[in-house]
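Colleague: I would like to go through this model with you, starting with the strand pairing. Please put it on the screen.

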Amino acid sequence: RFRSSSRLSLHSHCISPLMDVMDKWQRYYDAEFLPWDSGEVSSQLIQVLDPARTPPEGFPHLSLPPDSKIMEFGCGTGAACVWLAGQQVQPRPALVVGVELVEAAVARCRQRLERTGTAAAQQCCQFVQANVFELDAAAAADEVFAADSVDLLYDCQFAHAVYAEDQYTRRLSRCYHRLLKPGGRLLLLCGNAEEPEVGPTVLTRAALCAYLPDLVCVACVPSRFDRTEHYAKLERCPLAWLALFQKPLQQG
């Protein structure tokens, strides 16, 4: 997912149409090289959802309806989902689903849930391996991926990882729109083109909004990715966008 690293010369961030998506991410885990992963819940997620915290300037606190369904695409090693499924978020969600492209990631998520998850998290959190670019209406017979079923989608550094390849960008955008309930929201953290020198793939604010044409941009503010082992080697953590999108209540 990163551009300025000699170790990633064989793992370029942009997905080639000739490369199997699952295989690309599998190789990151095989190499034990996860430069985007801090092992902790992102500070932005906590700021936005924890009522005891102050969100970034210009960004709203998010409240969830009772018995909500939350889904994270590209859930990595599971820290965010385990936190979301615990009692830190009130009212507690009925279901938290972490979705990853490769089974190696899902295995780590399940280990984290078993090792650190609260009793509440154990009850309502699950992790699923799926090719998210094929979750169209015909392929998504699984109730987990039912249309108009998700109250909050969370994307921390997943959307920008496929931004350079139109076929994946369009599919992901359609998938997010299909999964969200009318009025449902997408909380997204991605690379920011205002500081393009290092870090993950970057987007301008306009490109980010164009990425998700069927959703309304509610807020979009600059932020910085949290410190990771990889980022610790940089002068400072890369610049990010923290953005909130919403599916319109009525289409058309």
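Colleague: Which residue in β8 is the bridge partner of Leu187?
Modeller: Strands here are DSSP runs of E with at least two residues, and helices are runs of H or I with at least four, numbered from the N terminus. β5 and β8 (residues 239-246) are antiparallel and share seven bridges, where pairing requires that DSSP finds at least two bridges between the strands. Within β8, Leu187 is bridged to Leu244.

Colleague: What is the mean pLDDT of the protein?
Modeller: This is a predicted model, in which local features need pLDDT of at least 70 and side-chain atom pairs count only at 80 or more, while totals for chains, interfaces and linings use all residues. Residues are numbered from 1 along each chain as its sequence is written, and side-chain values use heavy atoms, with hydrogens and water left out. pLDDT is the predictor's confidence in each residue, from 0 to 100. In this protein 84% of the residues reach 70 or more, and the mean is 83.

Colleague: For residues 1-19, where the pLDDT is below 50, how many contacts beyond near neighbours in sequence are in the model?
Modeller: Where pLDDT is low, the predicted coordinates should not be read in detail. A contact means heavy atoms within 4.5 Å. With that caution, the count for residues 1-19, beyond near neighbours in sequence, is 65.

Colleague: Back to β5: how many of its 13 residues are buried?
Modeller: Buried means under 20% relative accessible area, exposed over 50%, and partly exposed in between, with a 1.4 Å probe and protein chains only. β5 (residues 180-192) pairs in the parallel sense with β4 (residues 150-156) over six bridges, and also in the parallel sense with β6 (residues 202-203) over two. Strand β5 is mostly covered, and its number of buried residues is eleven.

Colleague: Which residue in β5 stands opposite Cys156?
Modeller: Cys156 has a relative accessible area of 17%, so it counts as buried. Its opposite residue in β5 is Leu189.

Colleague: Which residue in β3 stands opposite Val99?
Modeller: Five of the six residues of β2 (residues 95-100) are buried, so this strand is largely enclosed by the rest of the structure. β2 runs parallel to β1, with five bridges joining them, and pairs with β3 (residues 125-129) in the parallel sense, also over five bridges. In β3, the residue facing Val99 is Val128.

Colleague: Is Ser68 buried or exposed?
Modeller: Ser68 lies in the loop between α2 (43-49) and β1 (69-73). Leaving aside neighbours within four places in sequence, Ser68 has contacts with Pro93, Ala94, Leu95 and Asp151. Its relative accessible area is 0%, so Ser68 is buried.

Colleague: What is the angle between the planes of Phe73 and Tyr176?
Modeller: Rings of Phe, Tyr and Trp (its six-membered ring) pair if their centres lie within 6.5 Å; planes under 30 degrees apart count as stacked, over 60 as edge-to-face and the rest as tilted. The whole structure holds one aromatic pair. Phe73 in β1 and Tyr176 in α6 (residues 166-179) are 103 residues apart. Their rings are edge-to-face, 5.1 Å centre to centre, with an angle of 65°.

Colleague: How far from Cys124 is the nearest cysteine sulfur?
Modeller: A disulfide is taken as a pair of cysteine sulfur atoms within 2.5 Å, and the count by this rule is zero. Cys124 is in no disulfide, and the nearest cysteine sulfur, belonging to Cys125, lies at 6.4 Å.
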